[in-house]
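Q: I would like to learn how to read salt bridges and helix geometry from a set of coordinates. Can we work through an example?

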Amino acid sequence: MTDHHHDHGHAHSPEHRDWAAHGQRLVHEGELRMPILLEAIDAIATHVGPPDTVTRILDLGSGPGVATVALAEQFTSAAVTAVDLAAPLAQQAQERAAAFGVGDRVDATVADLEQPLVTLGDTGSVDVVWASMVLHHVDALPTTLHEIARLLRPGGILAVLEFGTAPGPLPAGFPIGSDGFVARHSQAVRAGLADHLPPGATTLDWPALLAAAELDVIEHRQLELHLPAPLDHAGRRSIHQMLQMTSGMAHEHLDHADRDIVAALIDPDDPLCIVHRDDLPLDIALTFVLGRRR
């Protein structure tokens, strides 16, 4: 399962949305994948130097601040800025920081990653930049990566979490629908994403992109989380939310029979719905890349 949380921190945010509900969905996603998030933050800590030397962190595409707070908790000498294009999500990040007792070191700002990032700091002023599931939205990605590199101090770290190897929320080969449904659905999700994102966004060569921005790639691997069946409420909710979110994108790439299966899987009144199932595992895989400023 690739973990997507779209429509924040980039130029494609919708103008009209129930931001409270959307933010809560992103919180649920972020808290479920907390083991991956903490593994990534531990890797940053290994490479960036003594924790008390980290004084400035940017969380790009922060959403409601799950990673923002985790970064502030790890790096207790750091001021952390949650950066999002959607002002309501940036505000939610600020509120989450206050609720978790790190509000005095967290601020939030609204910025578009498609624009120059000069408002986010002076050249060489940032120790860590965190960017999770947001950079694939950026059309002029090489330019943005150079902007990020400019912000980092020498030895500073850019941490990127992006699409992993699994293309959809259902486990490969799981016996749902007619034979081959899961594979067809996964392909449809990929095709739907391609319709809505810049070309090649789901298969970007992150090490090459970071190297082109004059960052030394010091880690590149998959971070994975496996939760076996039966899932608890949070796990079932995660798959259900992912299916709901991708159903519109995948719709045009599925035949009528497969559309009917998707409809049943996301309809709480249908006995086939994800929220009622005790036979589904959950697998999350994300690509993790660390780049260090020379």
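Q: How many salt bridges does the count come to?
A: This is a predicted model. A pair counts when a side-chain nitrogen of Lys or Arg is within 4 Å of a carboxyl oxygen of Asp or Glu. By this rule the count comes to eight salt bridges.

Q: Where in the helix are Arg 25 and Glu 29 relative to each other?
A: An α-helix has 3.6 residues a turn, so residues three or four places apart point the same way. Arg 25 and Glu 29 are four residues apart in helix 1, hence separated by about one helical turn. Their side chains form a salt bridge at 2.5 Å, N to O.

Q: Is Arg 25 buried or exposed?
A: Buried means under 20% relative accessible area. Arg 25 has 13% and is buried; Glu 29, at 4%, is buried too.

Q: Which parts does the salt bridge of Arg 221 with Glu 39 tie together?
A: The closest N and O atoms of Arg 221 and Glu 39 are 2.9 Å apart. Arg 221 lies in strand 6 and Glu 39 in helix 2, so the pair ties together parts that are 182 residues apart in sequence. Arg 221 is partly exposed at 30% relative accessibility, and Glu 39 is partly exposed at 34%.

Q: What span should helix 8 have?
A: At 1.5 Å a residue, its 19 residues (233-251) should span 27 Å, and the end C-alpha atoms are 26 Å apart, which agrees. Helix 8 also bends by about 35 degrees at Met 245.

Terms used:
Residues are numbered from 1 along each chain as its sequence is written. This is a predicted model: local features need pLDDT of at least 70, side-chain atom pairs count only at pLDDT 80 or more; totals for chains, interfaces and linings use all residues. Side-chain values use heavy atoms; hydrogens and water are left out. Helices (H or I, at least four residues) and strands (E, at least two) are DSSP runs, numbered from the N terminus. The expected span of a helix is 1.5 Å times one less than its number of residues. The bend at a residue is the angle between axes fitted to the seven residues ending there and the seven starting there. Buried means under 20% relative accessible area, exposed over 50%, partly exposed in between (1.4 Å probe, protein chains only).
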